[in-house]
Amino acid sequence: MSRLICVSNRVALPDATETSGGLAVAVRELLCQRAGLWIGWSGNISDRSEFDIHHGRFSAVTLDMTAEEHEGAYLGYANSVLWPVFHNRLDLARFDRNFYGSYAAYNIRLAVVIASLVRPGDQIWVHDYHFMILGRLLRAQGIENQIGFFLHIPMPPPEAFLAIPEFRELASSLAAYDLVGCQTTNDVGNMLACLRAATGAELLPSGRLSIAGEAFHVGSFPISVDSQTFAMAGHQPRNTTIKRVLGVDRLDYTKGLPQKFRGFAHLLRAYPHFRRQTVLTQIAAPTRDSVEVYADIRQELEGISGSINGEYGDVDWMPVHYIHRSIPRKRLRALYRSAAVGFVTPLRDGMNLTAKEYIASQDAADPGVLILSRFAGAAEELQQAILVNPYCVEELGDALAQALAMPLAERQSRHAALYATISRRDTTTWATDFLEHLKRAGADMRTRYISSPAA
Ligand code: GDG
C-alpha cells in the first residue's frame with residue numbers, strides 16, 4: 001500500500017495520549033494504517049533549520065518556525081489575512097506586503113523537506129489555509145505524486161477573495177493540486193466563482209476545472225466526527241431543576257460569542273420564567289492569544305458575562321458560567337451529554353464539529369436540542385436543528401425559549417433525524433472518501449495539461 005503524507009499546521013505525535021478534533025482523529029487512524037508521515041510545525045520558535053522525526057505507528061516530522069516565520073507567515077498571512085477574509089471579516093484583515101513573502105518562504109521550506117522524504121507512489125494530502133500554495137511549490141520541486149488539498153474553513157465569495165492583494169497567486173496555485181476539497185456545496189460554488197473571477201478558470205465537460213490549460217478537480221467533502229466515541233459518553237444525570245445551555249468554542253471572533261451571550265440575556269429578559277432554571281456554560285478554549293483582536297474579544301466577553309451575572313444573578317444562582325480554558329475531552333463528552341441545549345452560533349464556520357459532537361453525545365431517549373447558526377457549514381446537513389441567524393440577538397433568545405420548552409416527542413424526532421445524518425459518515429469515511437477521489441483525480445494526471453477549448 002502506498003504511504004500517506006499529511007501536511008497540516010500542527011501535528012499530533014505518535015505517542016500522544018489525547019488527540020482532539022476531527023482532523024487529528026481521522027488523520028492519525030489513516031496514518032497508522034498506511035505507515036505514513038505527518039508533517040507540520042513543532043510549536044517551537046527557533047532558528048534551527050533541521051527537522052525532527054518521531055517514530056511510532058506512524059512518523060511525525062516536525063519543524064520549528066523562526067520568529068520571522070511565526071510573525072509573518074503564521075500570525076501574519078495565515079491568521080491576519082486569510083482567516084479573517086475567508087470568514088468575511090475584511091474589516092479585521094491586516095494587509096501587509098511582508099506577510100506574503102514570509103508565507104511563501106515558509107511554504108518553500110516545507111516543500112523542500114517533503115521533497116527529501118517523498119517516495120514514488122506516496123499520496124500527499126495538504127490541509128488548510130496555511131498551505132494554499134504548497135502544491136505549486138511541490139510541483140516546482142519535481143514532485144509528480146498525487147497531491148490533494150482540503151480547505152477546513154469557508155471559501156468566501158469573490159467580493160471578499162479579490163480583496164486579498166495576492167489573489168491571483170493563491171488561485172492559480174490551487175490548479176497544481178489534483179483535487180481541491182471544500183466542506184460544503186456552498187463553498188464549492190464560491191470556489192468556482194472565485195477561481196473564475198481571479199483567473200478566468202473554465203469548467204470542462206468532464207467536471208474538472210481548468211486554469212491556463214492545467215486541469216484539476218474540486219468537490220465537497222463535509223468533515224464529520226466519530227459518532228461512536230461520543231455515543232460512549234455514558235449515562236450522565238441531567239439536572240432537572242436547572243437546565244444547562246452549553247457552548248464549546250475556541251475563543252475566536254468568528255464564533256459569535258458576544259452575540260450568543262446577549263442572546264442568552266434576551267432569554268432572561270423576555271422570558272423571566274426561565275430565570276433561576278437555566279445556566280449558560282461557555283467553554284472558550286484559548287487560541288492565538290498573541291493576535292490583538294483575540295485579546296480584545298476576551299475582554300469583551302469578560303465584560304458581557306460579568307454584566308449579565310451582575311444584573312440577573314443571585315447568591316444561589318449565577319446565569320453565566322464562562323470558562324476560558326481548555327477542558328479534557330472526556331469531561332467535554334459528559335458536559336455535552338448533560339446539556340439540555342447545544343448552543344452553536346458562529347457568525348461563519350467551515351463546518352463546526354462541536355454541533356456534530358453534541359448530537360452524537362445525546363441520549364436518544366431524552367435528547368437535548370441543537371441550536372445552530374445558518375452560517376456554519378454544518379447547517380447544510382443538520383436541517384432538523386433549530387437554525388438561527390447568529391447576528392440577531394432576539395432570534396437567539398427566542399430559539400433558546402423554544403428549545404428549553406420543546407416537548408419530548410419533538411426532541412426525539414429531531415434528534416433521530418440528526419443522528420441518522422451524522423452517523424452515515426464518520427471521520428474515517430470522510431478521509432477515505434477524499435483519498436479515493438484523489439486517487440481517481442490523480443489517475444487523470446496524464447491529461448493534466450490540456451489545451452483549453454478557448455485557446
Ligand atoms: C476548523 C474550522 C471545521 C473545543 N474546546 C475544547 C475542545 N474543543 C474541540 C471541539 C472540536 C474542536 O475543538 C473545534 O472544532 P470546530 O469545528 O468547532 O472549530 P475550529 O477549531 O475552528 O476548526 C471548522 C474544523 O476545522 C474541522 O474541519 O469544522 O469550521 O474552523 O472538536 O470538541 N476539545 C477539548 N477541550 C476543550 O476545551 N478537549
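**Reading burial and packing in a predicted model**

User: Is Thr-62 buried or exposed?

Analyst: Thr-62 counts as buried because its relative accessibility is 5%, where buried means under 20% relative accessible area, exposed over 50% and partly exposed in between, with a 1.4 Å probe and protein chains only. This is a predicted model, in which local features need pLDDT of at least 70 and side-chain atom pairs count only at pLDDT 80 or more, while totals for chains, interfaces and linings use all residues. Residues are numbered from 1 along each chain as its sequence is written, and side-chain values use heavy atoms, with hydrogens and water left out.

User: With which side chain does the side chain of Thr-62 make a polar contact?

Analyst: A polar contact is a pair of N or O atoms within 3.5 Å; within protein, one must be able to donate a hydrogen and the other to accept it, and residues adjacent in sequence count only if both atoms are side-chain atoms. Here the partner of the Thr-62 side chain is that of His-54, at 2.9 Å.

User: Where do the buried residues of α10 fall, seen down its axis?

Analyst: The buried residues of α10 include Leu-301, Ile-304 and Ile-308. Seen down the axis, the buried residues fall within an arc of 130°, so they line one face of the helix; the arc is that of the directions from the helix axis to the C-beta atoms. On the other side of α10, Glu-292, Gln-299, Gly-310 and Glu-311 are exposed.

User: Against which elements do the buried residues of α10 pack?

Analyst: They pack against α2 (67-86), α9 and β13 (320-323), where helices (H or I, at least four residues) and strands (E, at least two) are DSSP runs, numbered from the N terminus.

Key. Contact = heavy atoms within 4.5 Å.
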